[in-house]
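Subject: Handover of a structure and notes on it

Dear colleague,

I am passing the structure below to you, together with my notes on it. Please look through it before reading on.

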Amino acid sequence: MKISTAFAATIAAVTLLTAAGCSSDIPQTNPSASKGAGTGEQSKFFVQADYDREIALRKVTPTGPSDKPWEQALDPKLVDTAKYKKAGPYHLCFSNAGVGNPWRQVGFKNMQAEVALHPEIKTFTVADAESKDDKQISDITDLLGKGCDALIVSPNTTATLTPAVEQACAKVPVIVFDRGVNTQCAVTFINPIGGYAFGADGAEFLTQKMKSGGKVLALRILPGVDVLETRWAAAKVIFDKSGVDVAGVEFTDGDPAKTKSIVTNYIQRFGNIDAIWMDAGATAVAAAEAFEDAGKPIPPINGEDQQDFLKMWQDKKLTAIAPTYPTFQWRTPVIAALRILGGQQVASPWKLPQPTITDANLSQYVQPNMPPLHYAMCGCTMLPGYPANWGGKS
Amino acid sequence: MLLELSEVSKSFFGVRVLHEVGLSLQAGEVHAVVGENGAGKSTLMKIASGAYQPDAGAIRLAGQAVSFRGPREAQAAGVGIIHQEFNLLPERTVAQNVFLGHEPSRRGFVDRGAMHARTAELLASIGADGLSPDATVGRLGVAQQQIVEIVKALALDARVLIMDEPTASLADHEVQVLYALVRKLQQRGIGIVYVSHRLAEVFDLSNRITVLKDGRLVTTLDTAQATPEALVRHMVGRELAHYYPPRATQAGTERLSVSGGGNAKLRGIELRLCSGEVTGIGGLQGSGRSALARALFGAQPFTSGQVLLDGRPIRLRSPRSAVRAGIAYVTEDRKAEGLTPRQSLLDNALLATRAVRPQWLGQRARAANARQLLAGIEVHAAGEDQEIRYLSGGNQQKVILARWLAMTPRVLLFDEPTRGIDVGAKAAVHDLIRRLASDGAAVLMISSELPELLGMSDRIVVMRDGAIAGELPAGASEEDVVGLATGTRAAP
Amino acid sequence: MSATETGNAVPVRSEARRGLTGIGPILVILAVFLAAIAVRQPEFYDPPSLLAFLKRAAPLVILAAGQYFVIVAGDFDLSVGSLVTAEVVIAARLIDGDPALTWPVIAVMAGFGLMVGLVNGLITTMLRVPSFITTLGMYLILVGAVYTWTGGSPRGALSEEFRMLGRRGIEGVPYLQQLPYAVLVLAGVAVFAITLMRADFGKVLLAIGDNPRAAALSGARVARARTVAFVLSGLFAAIAAVLLGGFGGVSFQVGAGLEFTAITAVMLGGVVLGGGAGSVTGAMLGALTLEILFTLLNLLGVSGALKSAVQGLIIIAAVAVGNIRRRS
Amino acid sequence: MTLLRQRLAAIDSTRGVWVALVITLTVGGVLVYADGGSLFHQSSIVSMLQRAAGLGIVAIGQTFAILAGSLDLSVAYVISLTSLIAAETMAGSEGNVPVAIAAVLAVSAGIGLANGLLITKLRINAFIATLGVGLLIKGYLEQGYAGPAGSVPTSVQRLGYDRIGPVPLSFLLMAAVAVAAWVVLQRTRFGHHTIAVGGDLDVARLSGVRTDRVLIGTHIICSICAGITGLYLASRLGAGAPRVGSEGGYDLESIAAVVLGGTVLAGGRGGVAGTVGGVALLAAIDTIFNQLAVDPFFKQVVRGVVIIAAVAIYALRRRKAGRP
């Protein structure tokens, strides 16, 4: 029995250390003075050309009404849609990847409100794929049988939805937004500048604010989601050339508790962390709290336009920035659909502006009456049913 | 020699349970194996049938040295076994059970026609054609299941058939059927190893008898030369002074009475149990004996009629209510209903007390009390926190008795109290039952063993078809009981 | 099988030794991990950071204790993860930043946990639905219901007072600096759980997990005991929710996957699925070990993606070795 | 005659779910009609059957594991893994299809074997063993893949999209698997032994059944079915996806479908017919709610209730029938 218990120990130990050994670049010196894990290899999603274009787009001034960013477009190429022209009332269909996170929640509310603005939309049929590729494909088949005049698609993943979207293009005008598909058959593809810009905005800010050679911890939700991968890819490029020490890249599953544990571990391991980069704002507050709880000042950090972070930023006077992936983009597809069915030209691709919240404009986005995870950049404040439908208190 | 085991040894968890035991069997011979529980009989049988592998020793089948790596190989070699506990799947049909593990198949598919036909044949061959091969086993009675169990062994065309306590769950008239069957098989030249506690059977059936004790071979003798007394001496290593303790001198006061008791399995039950008295319950399997005990214990409550305990009416809704009222029930099926196998024997002894009189503290006092009881009834074990599943049947039964003694019950219900228990422990249990009675408890004792029933009871109530067929005084004869039980004789 | 030396003596064994049976392996594994940490990160053993660790580990340990009662009685509770999420989201919406509501809402949470446990228990015992299915269904129901109720994203906010329990502690304790409330709660829960299992309830619960029929025929109230086990699991989940919500704040991810982690922890602690064997101490140590493992992986710089793989290996290895040991 | 009675008995245990399905479809049909739609519109039927296909094949595999008294929590990750293996091996070219299929079957069978060995040889509880293996695969996927990879030639995509009238090829594939599984369970020794092992392990062993082999066999079958689902999803998605399995919740949903079908979780009782019914029921509920545009979260609640209720009813019926 003694032997076998010892055996247990060895097994456990061996398993552990082998597993650890194979992915740790830490030099076997005095551990507490260890260098960061580095940024690792570049993501499979990284495309230099797209990166350059997005970085450039950030400087472009949008065309269109400045008070309605969701109708603006960045150096648009207009396409003719006369062949889709038809008289109302319309039956609009929407295949939604899912509403599994607050961002999509807020966005979907925006879209519904936008639809409500247009009496000419008689019916608005929505199929929710519960973030299952397979279901979304069936959903699209299903919707095509319902006599939609136009189909809006928010794909769950890029590659996998392509066949289904091509199928749809043959029958009705299709508008794709948020995430793209590998086909040009859609009338237009609507999204903001994109992940590279998001990632770069945060990373550039941090590299400016932190001392050179400082340690930055990169927190990511989970691997393999293209919109998130591009954010990290851009940040990586910037960190690599700015010569900051990336202490580590960790996945949080968007779980605050887990995030906090990870950050606490890093603070312990490296004595201190000089900046926090995040690929999504959901857990920014938790990350910041980890420093509070450890009795350390909160370092430069980037979040997103969620209220809990903006509020903390304001209250605690953080050194922070909030690049956004604006939820107002959910309004645009409806507008686009109506223009297409009206035979008006639309931008294709339709690049929306991607505002960034800084100390300068922070105050105008803090909305104490809205729920903690509400996204400020929703362009919804003037919509009917606001704030109640978005969970806010009037 | 058909089958020959020589110098077989086996240990479990460091405990040596077989020491170089030998056993031989000729074709057409019935070789009985007897011995106290824990003597190693079942282990030896499991080794012979491939369920266990011996640590040392050899097995020869028809002169060929064999080593079975599993039951499958033993069966292939023609060694079949009828286990003490049924090995049947209640959800499946008779045919599916009979041919489980060796289904006849054609072109890779199970040949259900053949399976059905063969089963029907086999059933007929032992005069059980009443049983349908398509009946779901779970819906059959115990006796019928026993028959299926036997047919299952026959289906292997076994040259050697091991019967481990085959009559354990049979009523006497069913035992007769089994005897006939055994003799029939014997004539077919099949060698039969017959394990039993019932000495009568052993003398009726066997050609030779092997006695085991504490995992060692004591002797093998020809049945012709053997006498019961000698056999018992070999088994327990001592003469049994008196087999049954003396009866109650005077009947006590009425403890518990049932009038018009009935439920799904019982009707019109009129019964009185008196303090100081052992009331025996006779009858065939399924005649409602156990149902009566379960009704009195609230496990399958009476739906009609009235029960008085010490003159006060009482509703026995659940075992708990019965236990609280001071009724104890030692079940027929120790493994399924008595033991909590992975708990220590101390915990098993304390189970009822803890369940019904829970406490936060004061565990030590209880443990002390339980230890006294266990010591008092001579439980043998390596330690009080040994898991009870590693104890012999007799010791397990004693622990369960201790569980109830700790509750100082007023009424005790025993269902086959000495089933699967060796002669030595048997006497101890009998003494204990009698002592409990003379200490003022009312005892109800169900037994399929007529000698036990007649030897222990102050009164014998015989049941038939869920009703009471009649009551017999102490000293009644076996014929009286059987007559009432089978309905061939009216109540006196 | 084990007729020993003559005489009727049944040797008595010491309480202490009985207490240790079964948790040997987990202690060894724990020791190995602790040693590994000592090598990699001596600072870990400074009282403050050690307490900080315990604070983070507390919720899982509590969940494991709750899960233990259910498992040892022969059941499963797959609903705890979603229950934790539901509790936190409910708390946020009810409190909505109002400090005055903190304690009332904590009471509500406890009540809700008890209720969910009760429903799980009654469905499992009264309707005879396998607990795996009952709690799987409850899991779906809770997730769905809480999303529906909040329209898909958490509303309101937790008050600072509420979050104190999971975040802060008693300051200025000599030598420790800060004594986290979470650690105090954990200690309380642990003492309660261990006493409960030493008392008759615990022993009977074990017997029930081992052989319900025998227990029932000895007068035990099987259905009630099993239900109580579920209720305890629900209550402990509520407590864990208070700590987790306090520690991390409100989100829908807070409880995700916790049910499996908790069950894993209990297994690691040498408790047998199917019931009847294993100690609550072992279960809680199992949870602690798992948390240590996660910390260690982090200190070793194991990339996030590999963590689940390592977790998988450790579980299999630990349980396998436990079995080999039990058989030898 | 007797065979007929046997067949009736076999159906009996799994009849309930079909009744439930009919009721659901009628009620659902009426509701959808009242809502101004049509449940039996070609497109809805197609998507209903499509949805059934994927889950169906996994669930049929899961049926084997559960009938044998085991269960498999690793299927979701096996599906993701095999979808990737398929798509990457094919790499868009017809030629590689046979290799890809072979690879998928080999890998999934290997995983099933691993599960089986852990459970039988190391005596690890199936719940833990398959959970652990699942985590291992998950780690591999997260480490190795940053999103969909590989590509499937159009000829294979036809499997995912083509249909005969309203019946998709994929559904026919599931039907084929179902029939095969039914034959195996009813007509082969392995099938009989599977049910025996689930019914009572000791009885099976003492009756000469090679219980370990049977258990391993069921797990191999279970994994292979997951592999086939992976292939199907790859054909449907045109690529392999590292999270298609877990996001689809195929692990718990397949188990749910099996028990919905009246198979006892403890094993030894039930069958494929029921499982197919269970899958159909889940798909029907799904489609109806889609048509009625019911909040997907509320749908979860209903799913939960349905599963519990169904199993409760089965338990009740069995007690009425006087069996444990």
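This is a predicted model: local features need pLDDT of at least 70, side-chain atom pairs count only at pLDDT 80 or more; totals for chains, interfaces and linings use all residues.

**How the chains meet**

Five pairs of chains touch, and the pair with the most contacts is that of chains A and C. Chains A and B, by contrast, do not touch, and their nearest C-alpha atoms lie 12 Å apart.

Between chains B and C, 44 residues of chain B are in contact with 30 residues of chain C. On the chain B side, the elements that give two or more residues are strand E2 (15–25) and the helices H10 (319–324), H11 (334–338), H12 (345–356) and H13 (363–376) of chain B. H12(B) supplies the largest share of that side, with six residues. Sorted by class, the side of chain B that touches chain C holds 23 nonpolar, ten polar and eleven charged residues.

**The largest nonpolar core**

The largest nonpolar core has 517 residues, and those that touch the most other members are Ile175(A), Val216(A), Leu413(B), Val443(B), Val61(C), Ala64(C) and Ala65(C). Helix H11 (residues 222–248) of chain C gives the largest share of this core, 17 residues. For Ala64(C), leaving aside neighbours within four places in sequence, the contacts are Ala262(C), Ala265(C), Val266(C), Ala283(C), Met284(C), Gly286(C) and Ala287(C).

**A six-stranded sheet in chain B**

Chain B contains an open sheet of six strands in the order E18-E19-E20-E15-E21-E22, with mixed pairing. Strands E18 (327–330) and E22 (467–473) of chain B stand at the edges with a single partner strand each, so one side of each has no neighbour in the sheet. On average, neighbouring strands of this sheet are turned by 20 degrees against each other, direction ignored. Helix H15 (residues 423–438) of chain B packs on the sheet, where H15 touches E15, E19 (411–415) and E20 (442–446) of chain B. The direction of this helix makes about 150 degrees with that of E20(B).

Several of the pairings can be followed residue by residue. Strand E15 (residues 278–283) of chain B runs parallel to strand E21 (residues 459–464) of chain B, and five bridges join them. Within E21(B), Val461(B) is the residue opposite Ile281(B). E15(B) is also joined to E20(B), in parallel, by four bridges, and the bridge partner of Ile281(B) in E20(B) is Ile446(B). E19(B) and E20(B) pair in the parallel sense as well, over five bridges, and Asp415(B) stands opposite Ile446(B) in E20(B).

Strand E20(B) is mostly covered, with five of its five residues buried. In a regular strand, side chains alternate between the two faces of the sheet. In E20(B), Ala442(B), Leu444(B) and Ile446(B) point one way, while Val443(B) and Met445(B) point the other way.

**A covered helix in chain A**

Helix H3 (residues 102–116) of chain A has 15 residues and reaches 21 Å from its first C-alpha to its last, close to the 21 Å expected at 1.5 Å a residue. H3(A) is mostly covered, since twelve of its 15 residues are buried. Among the buried residues are Pro102(A), Trp103(A), Phe108(A) and Met111(A), as well as Arg104(A), Lys109(A) and Glu114(A). The buried residues of H3(A) pack against strand E2 (90–96) and helix H11 (332–341) of chain A.

With kind regards

Methods: Residues are numbered from 1 along each chain as its sequence is written. Chains are lettered from A and ligands numbered from 1 in the order in which they are written. The expected span of a helix is 1.5 Å times one less than its number of residues. A residue is buried if 20 or more other C-beta atoms lie within 10 Å of its own, exposed if 12 or fewer, and partly exposed in between; C-beta atoms are placed from the backbone. Two residues are in contact if their C-beta atoms, placed from the backbone, lie within 7 Å. A nonpolar core is a set of buried Ala, Val, Leu, Ile, Met, Phe, Trp, Tyr and Cys residues joined through C-beta atoms within 7 Å. Two strands pair if DSSP finds at least two bridges between them. Axes are lines fitted to C-alpha atoms, for helices over the stretch in contact, and angles run from 0 to 180 degrees between N-to-C directions. Ala, Val, Leu, Ile, Met, Phe, Trp, Tyr, Cys and Pro count as nonpolar, Asp, Glu, Lys and Arg as charged, and the others, Gly among them, as polar.
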